[in-house]
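User: Hi, I have a structure open and I'd like to walk through it with you. Could we take it piece by piece?
Analyst: Of course, let's have a look at it together.

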Amino acid sequence: MGDSLDFALISDDKGIVDSIRMLCQHFNYSLEVWKNEDDFFDQQTAGNEEGGASGPTVEPLLILVSALNTPTHESVTQKVQVAKQVYPKSFLGCVVAQKMPKEEASFIQKSGANIVFLENEIYNSSKLEYVCSNIIREMFIPVKLADFEQERILPFDIYYYAPQRSKYLICGHETLVLSDEKMAKMKKYGDFFIKRQDINKFNNYIKSERFQSTASLEKRCRFQYLNLCWNYAEFVFLLTDYSRYNSLQEGKALFDNCKEISNSLINSLVAVDDLWQVINQKTIEGMILHHVPAITAYAGLFALKMGMDSTKVTDVMLATMLGDVGMIYLPPSLTKKLRSGKVSALTPEELQLYQKHPADSLKVALDRRLPISPKVRDYIVDAHERADGSGFPRGRTGDKLSQEVFLVIFAEEYHIKSMQKIGQEKMLMNEFNAKLLDDPSMMLRYRPTFVNELRNLLLHDE
Ligand SMILES: [Fe+2]
């Protein structure tokens with residue numbers, strides 16, 4: 001057993017174990033498997049007592065408990081509670097055999113599960129892959145020592161990265177008061193990290209008066225953006241939680257929350273000179289839905305700068321947030337091809353499935369009875385159309401597509417083409433904008449009047 005663990009699986013089901021092994025191998029996540037919760041509990045506690053000789057000494061980032069052959073929801077709950085008791089801060093998932101009544105599902109969630117999967121979702125959808133990309137790959141986000149205030153209680157844990165051991169280690173526990181002395185000692189660590197799920201706490205922390213005045217606008221924007229990223233992930237987890245028949249109220253609350261967060265982000269972004277400092281960070285390529293928060297930010301900002309009213313600004317942002325949710329239901333073999341950018345390698349059946357994702361996204365939103373207008377429904381469905389009629393799913397031409405739809409389409413293109421790729425030299429925003437807008441193929445994808453508007457918007461400095 002190594003001293004850090006990404007994925008802890010508690011399952012005696014061969015199918016589940018094989019499938020998770022494959023996923024972890026593919027994404028290079030470390031994995032340990034226990035047959036049942038008692039073995040898990042015994043090994044952890046034994047390991048801790050004996051100084052970590054036989055059990056992991058750090059909490060796993062994600063624990064998945066499979067409860068497929070568990071007859072009652074009480075026994076499912078029990079399994080979840082054991083895992084929660086051992087590692088209360090790990091993200092906890094539970095796999096159940098079939099849909100269950102809301103009361104039972106919410107019972108499981110109340111007992112500590114952050115997310116419930118249906119068995120077939122593990123095999124036939126990309127939902128676990130999405131959860132892992134958020135919980136494992138993107139778990140730690142960088143902060144600076146200057147973000148912390150002396151003599152104030154920490155509302156979250158702070159970590160540093162130990163390169164020799166390739167792991168994140170805690171250097172400040174939640175509730176610690178950061179004394180002068182402690183802060184001086186911490187200087188030697190350089191960069192600090194917090195867990196992504198603590199981003200809301202961090203935001204409240206830096207919203208205190210002192211930081212309002214000292215934190216730069218860019219920094220605040222950056223955290224608003226990270227806040228959107230995390231809340232968006234939670235929104236998707238909930239939206240796609242089919243263990244429950246109905247989560248309308250929670251869905252609406254999260255939806256409103258995302259709307260509010262993205263609106264406040266846009267309002268601050270407008271004042272930022274170097275937009276890319278906030279949004280364009282080095283990105284893991286091709287993970288499904290991973291790009292949505294950036295696309296949403298661009299769509300909202302461009303809409304605002306084009307002079308659209310606040311309803312339209314919100315509408316295009318909602319369309320970008322919801323438009324790809326249906327991709328969660330694509331089979332893992334298909335998202336694997338999409339991840340490597342090989343749309344051309346899709347079989348005709350796969351292509352058909354892929355081209356259905358806008359309609360699937362709309363279906364998820366409607367199933368959850370999210371309060372979206374008919375216009376937003378159109379923006380969602382039309383997000384892969386092109387002015388020359390060669391897009392999908394309906395092949396609609398430019399004269400039938402609205403300015404707002406073009407903006408939704410453009411925001412995605414803009415983000416995908418401009419994002420910094422690891423190992424690639426940084427582009428300059430003005431140069432990039434000019435090159436993109438001078439590309440003659442723009443006229444095939446967008447209406448000329450829209451391209452002209454983009455030119456006014458993005459080339460104004462030259
Ligand atoms: Fe899409």
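User: Let's start with a single residue. Where does T175 lie?
Analyst: T175 lies in the loop between β8 (167–172) and α7 (180–186). Please keep in mind throughout that this is a predicted model.

User: What is the phi of T175?
Analyst: T175 has a positive phi of about 80 degrees, although T175 is not a glycine.

User: Which peptide bond is cis?
Analyst: The peptide bond from F392 to P393 is cis, with omega near 5 degrees. P393 has its place in the loop between α18 and α19 (403–418).

User: New topic, the sheet. How many strands form it, and in what order?
Analyst: An open sheet is formed by 5 strands in the order β2-β1-β3-β4-β5, and the pairing is parallel. The edge strands are β2 (31–34) and β5 (115–118), each of which pairs on one side only. From one strand to the next, the twist averages 20 degrees.

User: Can you tell me how many bridges join β1 to β3?
Analyst: Strand β1 (residues 7–10) is joined to β3 by 4 bridges, and the two run parallel; as an example of a bridge pair, L9 has L64 of β3 as its partner.

User: And what happens on the way from β3 to β4 and β5?
Analyst: β3 and strand β4 (residues 91–96) pair in the parallel sense over 5 bridges, with C94 in β4 as the bridge partner of V65. β4 is then joined to β5 by 4 bridges, again running parallel, and here G93 has I115 in β5 as its bridge partner.

User: How many residues of β3 are buried?
Analyst: Strand β3 (residues 62–66) is mostly covered, with 5 of its 5 residues buried. Both faces are covered, with L62, L64 and S66 buried on one side and I63 and V65 buried on the other. In a regular strand the side chains alternate between the two faces of the sheet.

User: Which helix goes between β3 and β4 in the β-α-β unit?
Analyst: Helix α3 (residues 73–86) does, and together with β3 and β4 it makes a right-handed β-α-β unit. This helix, α3, lies across β1, β3 and β4, and runs at about 160 degrees to β4.

User: Which residues touch the most other members of the largest nonpolar core?
Analyst: C94, Y298, A299 and V408 do, in a core of 114 residues. The largest share of this core, 13 residues, comes from helix α10 (residues 217–239). In soluble globular proteins, nonpolar side chains tend to be buried together.

User: What does Y298 touch?
Analyst: Leaving aside residues up to four places away in sequence, Y298 touches I279, A411, Y414 and H415.

User: Now helix packing: at what angle do α17 and α18 pack?
Analyst: Helix α17 (residues 357–367) and helix α18 (residues 374–381) pack at an angle of about 150 degrees, with their axes 8 Å apart. The contact is made by P358, A359, S361 and L362 of α17 together with R377, I380 and V381 of α18. By class, this contact has 5 nonpolar, 1 polar and 1 charged residues.

User: Last one, α1. What does S19 touch there?
Analyst: S19, which is found in helix α1, touches I122 and Y123, not counting residues up to four places away in sequence. S19 counts as partly exposed because it has 16 C-beta neighbours inside 10 Å. R21 also lies in helix α1 (residues 14–27), and R21 is partly exposed, with 14 other C-beta atoms within 10 Å.

Conventions. Residues numbered from 1 in each chain as written. Predicted model: local features only at pLDDT ≥ 70, side-chain atom pairs only at ≥ 80, totals over all residues. Axes fitted to C-alpha atoms, helices over the stretch in contact; angles between N-to-C directions. Contact = placed C-beta atoms within 7 Å. Nonpolar A, V, L, I, M, F, W, Y, C, P; charged D, E, K, R; others polar. Buried ≥ 20, exposed ≤ 12 C-beta atoms within 10 Å, placed from the backbone. Pairing = 2+ DSSP bridges. Right-handed = clockwise from strand over helix to strand, strands pointing away. Core = buried A, V, L, I, M, F, W, Y, C linked by C-beta atoms within 7 Å.
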